[in-house]
Amino acid sequence: MIPPNIGQLPPELDLFAAIFGVFATIFIYSFLWKENPLSRAVEHLFVGLAAVFTLGFMYDAALSQAVWGTDRLAQGNLIWLIPILLSLMYFFFFTKKYFFLYRYPVSIVAGIMAGMMICGMIQSNFLVQIQSTVQLPLVGDGVWEGWPMPGLDSIIIIIGVITALSFFFFTWEHKGALGISTKIGRYFLMATFGAAYGGTVMARMSLFIGRLRFLYQEGYEDWFLAWYLIPVAILCVVAIMLWQRSRPTPEPSVPSKTPSKKRESKG
Amino acid sequence: MSISKVADFDRRYIYIVLFLLVSIPILSPLNLPIPISSHTEGVWDATLNLDPGSIVVSSFDFGPSTIPENRPQAKAHLFLCRELGMKVIAMAFWAAGGPIGDDVLSEVYGEDFESSAEYGTEVIYLGYVPGNEVGMQTFGDSPLDAKGTDHYGTSLSELPLMLEIENAADIDLWAEWTSGTPGEQQVIQFVQGRHGGPSAVPLVVGSTAVSVPGMMPFYAAGQIIGILNGLAGAGEFEYLVNRDYPDYPYEQGPGLDAQSVAHVLVILFVVIGNIGWAISKYGGGKS
């Protein structure tokens, strides 16, 4: 079983963690200036760690269901062998001869997910949404916070729903009344995308601010570590970029017009 | 350089300006006012309206990359639940969320809380529950079958709090801290939808700002009754908790100031960019 405190370093390694965190942050953000070996190294490290971490936790959690957590198999509950065997069948992906066996667990999982999603989505994403649109109050309190004209907000939502849906109606050409509707619908869709973009900016800024707060405020025994480490890390990035620039640029490979001998012999 | 050639401006200078401007409020907070949004009030009211002893599920469905947004949301809400005497069942449907949940719970309930007297009756941490949507549905249908043991290796059937819920309808509030899938939509589809709807399984969400526009239809339909919107939502909720419980630190103020400065800068760049585009288009140049 994976120890519950995995990922948490012992206190004596706090200094190491802080130094590593500062360097990793600077290295990964150096990508914004120019891609370099340090930013790539930290990026690969992050992806690799995340993959191993997820794999380990999934393996541990799945086996704790059947084997060491509940002793279900030991108690003779052999039905749990079925999902274990099915999951092992995924490894047939790596053989040419038995590759077809890999398709069975994929099909089963796809079928289960499709069944679940259809039931869940029709209820929560379709019926309830239609219901709430139909029930929009045209009089009384509005639905938008601080909107000065209650009732008009509901009408705008209804117009937005109808015109945006008409944008995806392709049976007739978008001309005349349908053309006007699709044009209005396009503006509603653009407003939605604008809101999504605003949210994206806000989210990315939050992450950037989180990293900056780590750099400026996370210290080691009240010592503002980053103030000393940031210049060192930046110097490392500059040095690696200068080294990269001093290397001769490799010639871009030009694809050969004539087929290679290997291909000819195959053909 | 004329404004019509703004598109040729090296974006790396923008990064430097952004870095410098965002650094100022973090190093020297501006203490800008904090208006509390109705979404945040929804989370606050939903939690405060519960009776002591109500069962709250807290689900850590995010990874390290969104810790700046999701972690303070979850931590402040857990603190409030503890102060109000709620019973908390915490878990993570994301593998990466497993250790994060343990870390947050340790901060709120104390180090080695899994060995404390309140563990098992007042709070439980299941850790990572495998299966994504399937795991969520299994937990909603029969929590004891969702996982064999809790995060610390104790069998779920040995934890008294787990025996108090038969299915999701026995949960008084589901607090979902999410930055993707599985997240709030999967709770709505596979838990709330199967067990009586929003009135039976009230759902509040703390999410990254990028996901919030997509969940507004669910908020408008009442399937979600409160949203903490990214870092801003975390700051607003922290502010409310700090107002009623001064022991809880309000730490997000500098972050919110920095975010406001960054947004003003982005708006400024968007306006300049559009002016440049308009001049180049209508002033005889190429767009």
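Start between the two chains: chain B and chain A share zero salt bridges (a side-chain nitrogen of Lys or Arg within 4 Å of a carboxyl oxygen of Asp or Glu). This is a predicted model, where local features need pLDDT of at least 70, side-chain atom pairs count only at pLDDT 80 or more, and totals for chains, interfaces and linings use all residues. Residues are numbered from 1 along each chain as written, chains are lettered from A in the order written, and side-chain values use heavy atoms, without hydrogens or water.

**Stop 1: the interface**

Now select helix α1 of chain B, residues 11-27. Nine residues come from this helix, the largest share of the chain B side that touches chain A. Helices are DSSP runs (H or I, at least four residues), as are strands (E, at least two), numbered from the N terminus. That chain B side divides into 30 nonpolar, 18 polar and nine charged residues.

Chain B gives 57 residues and chain A gives 47, with contact meaning heavy atoms within 4.5 Å. Together the chains bury about 4600 Å², 69% of it on carbon and sulfur atoms. Buried area is the accessible area (1.4 Å probe) lost on putting two parts together, summed over both. In chain B, pick out B:Arg12, B:Ile26 and B:Gln189: they lose the most area to chain A, together 12% of what that side buries.

**Stop 2: two backbone spots in chain B**

Select B:Asn31, in the loop between α1 and α2 (38-48). B:Asn31 has a positive phi of about 55°, though it is not a glycine. Move on to B:Pro182, in the loop between β4 (173-178) and α8 (184-192). The peptide bond from B:Thr181 to B:Pro182 is cis, with omega near 0°. Most peptide bonds are trans.

Conventions
Ala, Val, Leu, Ile, Met, Phe, Trp, Tyr, Cys and Pro count as nonpolar, Asp, Glu, Lys and Arg as charged, and the others, Gly among them, as polar.
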